[in-house]
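Reader: I am new to this structure and would like to go through it step by step. Could you show it to me before I start asking?

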Amino acid sequence: MFTGIVTDIGEITSVTQEGDRRIRIATEYPMDTVPTGSSIACSGVCLTVVDKGTTPRNWFEVTVSGESVSRTAPGRWEKGQKLNLERALKIGDELGGHIVTGHVDGIGKVVSITAVGDSHNFLIEAGPEVAPHIAEKGSVSLDGVSLTVNEVKDVDGKVLFSINIIPHTAEKTTLGDLNAGDFVNIEIDVLSRYLARMNALGNVAV
C-alpha cells in the first residue's frame, strides 16, 4: 500500500532477461533500511526487492513479469529510464496523497502541456479501461504520483482529463520530464474499482 507521494527518483542501470525481466535501479535510499522482499512502487507499479547493493552507488533489483510489461507504459522498463519511487506505507505514516495499491489499471497519453502561471496543466487522454473511473475533483495516480483531477471532458469519442503540476511536483518526480505524446501509468481510485465490480454484480447502482 502506498500514498502516491514520491520520495526518490531512481534510474534503471541494467536490464537482463531471465525468463522475466530483471532490472537494477539506482536510488538514494539507504540500503540498510530496504529489506530484501520489501515492496517499492516504481512509477506506480508495486515491485518486490529481490537483491540490493551499494556499489558503485545504492541499488536494488526487481523482477518485472511479462504481464507487468504488457500492462504498463511502453518503454518504461529500459536502461536509462527514470522511475518515481515510493517505499511501502507503514502504520503511523502520514497519508499525504491517497490510497494507492501499485496496480496499474491502464495507460494514458499526454495530449498537451500548457503553462499556467508557475505550474503546468497536463491534458491526458484516458485509455478505455480507465476512462469511466476518472471523475472531476477525484483522485488519480499518474506514474505513481497522487494527483487531483481538475476537469473531465469527452472530445470526439475520447475521454480527456486535466491535472495541474506545480513546480515542486515537476522537480521531485519524473512528471516534469514528460512531453506531449508520452505515455503514463494510470491507477484509478481504489473505491471506484470496487464500486464498478459491485455494480457489475448487480449489488449497487452507481
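Reader: Is Glu-67 buried, exposed or partly exposed?

Author: This is a predicted model, and the side chain of Glu-67 meets that of Arg-71 in a salt bridge of 2.3 Å, N to O. Buried requires under 20% relative accessible area and exposed requires over 50%. Because the relative accessibility of Glu-67 is 46%, this residue counts as partly exposed.

Reader: Which residue forms a salt bridge with Asp-143, and which parts of the chain does the pair tie together?

Author: Side chains of opposite charge can pair when their charged atoms come close. Asp-143 has its closest partner atom 2.7 Å away, counted between N and O. Asp-143 lies in the loop between strand E9 (139-142) and strand E10 (145-155), while its partner lies in the loop between H1 and E6, so the pair ties together parts that are 67 residues apart in sequence. The partner in this salt bridge is Arg-76.

Reader: Are Asp-143 and Arg-76 buried or exposed?

Author: The cut-off for buried is under 20% relative accessible area. Asp-143 has a relative accessible area of 1%, and Arg-76 has one of 8%.

Reader: How many residues apart are Arg-21 and Glu-78?

Author: The side chains of these two residues, Arg-21 and Glu-78, meet in a salt bridge of 3.2 Å, N to O. The pair links distant parts of the chain, with Arg-21 in strand E2 (residues 20-26) and Glu-78 in the loop between helix H1 (66-70) and strand E6 (82-87). Arg-21 counts as buried at 17% relative accessibility, whereas Glu-78 is partly exposed at 39%.

Reader: Which residues are linked in a network of salt bridges?

Author: A search of the whole structure finds seven salt bridges, in a protein chain that has 18 positive and 27 negative side chains. Some of these charged residues are linked in a network, and its members are Arg-22, Arg-24, Asp-51 and Glu-61.

Reader: What radius of gyration does the protein chain have, and why does that agree with a compact globule?

Author: The protein chain contains three helices and 12 strands, and its C-alpha trace spans about 50 × 45 × 35 Å along the principal axes. Buried residues make up 41% of the 206 residues. Because a compact globule with 206 residues would have a radius of gyration near 17 Å, the value for this chain agrees, being 17 Å.

Technical notes
Residues numbered from 1 in each chain as written. Predicted model: local features only at pLDDT ≥ 70, side-chain atom pairs only at ≥ 80, totals over all residues. Heavy atoms only, no water. Helix = DSSP H or I, 4+ residues; strand = E, 2+ residues; numbered from the N terminus. Rg over C-alpha atoms; globule rule 2.2 N^0.38 Å. Buried < 20%, exposed > 50% of the residue type's maximum accessible area, 1.4 Å probe, protein only. Lys, Arg positive; Asp, Glu negative; His and termini not counted. Charge placed at Lys NZ, Arg CZ, Asp CG, Glu CD. Salt bridge = Lys/Arg side-chain N within 4 Å of Asp/Glu carboxyl O.
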